[in-house]
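Take a look at the chain below.

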Amino acid sequence: MKRSVLSAALGLALAAGLAALPAGAASAAPAASAQGYTPSVNSATAYAGSSAEAANNQAFFQAVMASAKAHQAANPWLLTVTVTYDTSGAPSFTGQIANAAQIWNSSVRNVQLQESSGTGDFSYTEGNDSRGSYASTDGHGHGYVFLDYQQNQQYDSLRVTAHETGHVLGLPDDYSGPCSELMSGGGPGPSCTNPYPDSNERSQVDYLWANGVDETNQR
């Protein structure tokens, strides 16, 4: 399927990649909005799934997509959009991040993840946070994936990382889903170690990156 790039105006406006946060920076101050790995954690600030948070995370996804497509404008004949990411803020999880990227790259065809040597379209960071791991945005399209130390010991770390990366690619949480569904996150419990998206999740990501953002296709 032949891809189209964003308009020059949108590309110029959002071409800049998202800056990586220092390790521990995310735990120093609460995120404005976050989609977490578990449906609830022992914190009053746990992600509650409000419409405002969902809208902010949608803005994060849109900004990542716009940034990636703006970079692609230099190579408009390419059929696959490349999304770059920075791991400098999460040195303890470079292996899990690389494996999560490989899983997604082998699961979908219209978007591919690639590590950047500098600032990427989004970044990973690590630390301690009572909310656990989450994909976060400030409501202006800027965001990062935060990986919590304790949660990555309690739950399968590769599944946690692949799940949070799924948010970057446009997928919402579905905690009521089975273990076979990656975006069910911690819903099935710590015994669930599946790090792979199911067929529906793979199709949804390919659809989003082939046709742009269409909120009617969000579950």
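Begin with strand 6. This strand is mostly covered, with 6 of its 6 residues buried. Keep in mind that the model is a predicted one.

The cover lies on both faces of strand 6. On one side sit Gly-143, Val-145 and Leu-147, all buried.

Strand 4 pairs with strand 6 in the parallel sense, over 5 bridges. Within this pairing, Tyr-124 has Val-145 as its bridge partner. Strand 5, residues 134–137, pairs with strand 6 in the antiparallel sense, over 4 bridges. Here Ala-135 stands opposite Val-145.

Now step back to the whole protein. Its secondary structure comes to 7 helices and 6 strands. Along the sequence, the pattern reads α-α-β-α-β-α-β-β-β-β-α-α-α. Of the 219 residues, 51% count as buried. Take the contacts between residues at least 6 apart in sequence: 69% of them join residues at least 24 apart. The accessible surface comes to about 9500 Å², and 52% of that belongs to carbon and sulfur atoms.

The largest nonpolar core here has 34 residues. Those that touch the most other members are Val-83, Trp-104, Leu-113, Phe-122, Tyr-124, Val-205 and Trp-209. Several elements each supply at least two residues of this core, including strand 4, strand 6, helix 4 and helix 7. Helix 3 gives the largest share, 5 residues.

Leaving aside residues up to four places away in sequence, Trp-104 touches Leu-113, Ala-162, Thr-165, Gly-166, Leu-169, Leu-171, Leu-182, Pro-197 and Val-205.

How many salt bridges does a search of the whole structure find? The search finds 2. In one of them, the side chains of Asp-206 and Arg-109 meet at 3.3 Å, N to O. Asp-206 lies in helix 7 and Arg-109 in the loop between helix 4 and strand 3, so the pair ties together parts that are 97 residues apart in sequence. Asp-206 is buried, at 7% relative accessibility. Arg-109 is exposed, at 60%.

The side chains of Asp-129 and Arg-131 also meet in a salt bridge, at 2.6 Å, N to O. Asp-129 counts as buried at 12% relative accessibility. Arg-131 counts as buried at 12% as well.

How values were computed. Residues numbered from 1 in each chain as written. Predicted model: local features only at pLDDT ≥ 70, side-chain atom pairs only at ≥ 80, totals over all residues. Heavy atoms only, no water. Core = buried A, V, L, I, M, F, W, Y, C linked by side-chain atoms within 4.5 Å. Buried < 20%, exposed > 50% of the residue type's maximum accessible area, 1.4 Å probe, protein only. Contact = heavy atoms within 4.5 Å. Areas by Shrake-Rupley, 256 points an atom, 1.4 Å probe, with all protein chains shown as cover. Pairing = 2+ DSSP bridges. Salt bridge = Lys/Arg side-chain N within 4 Å of Asp/Glu carboxyl O.
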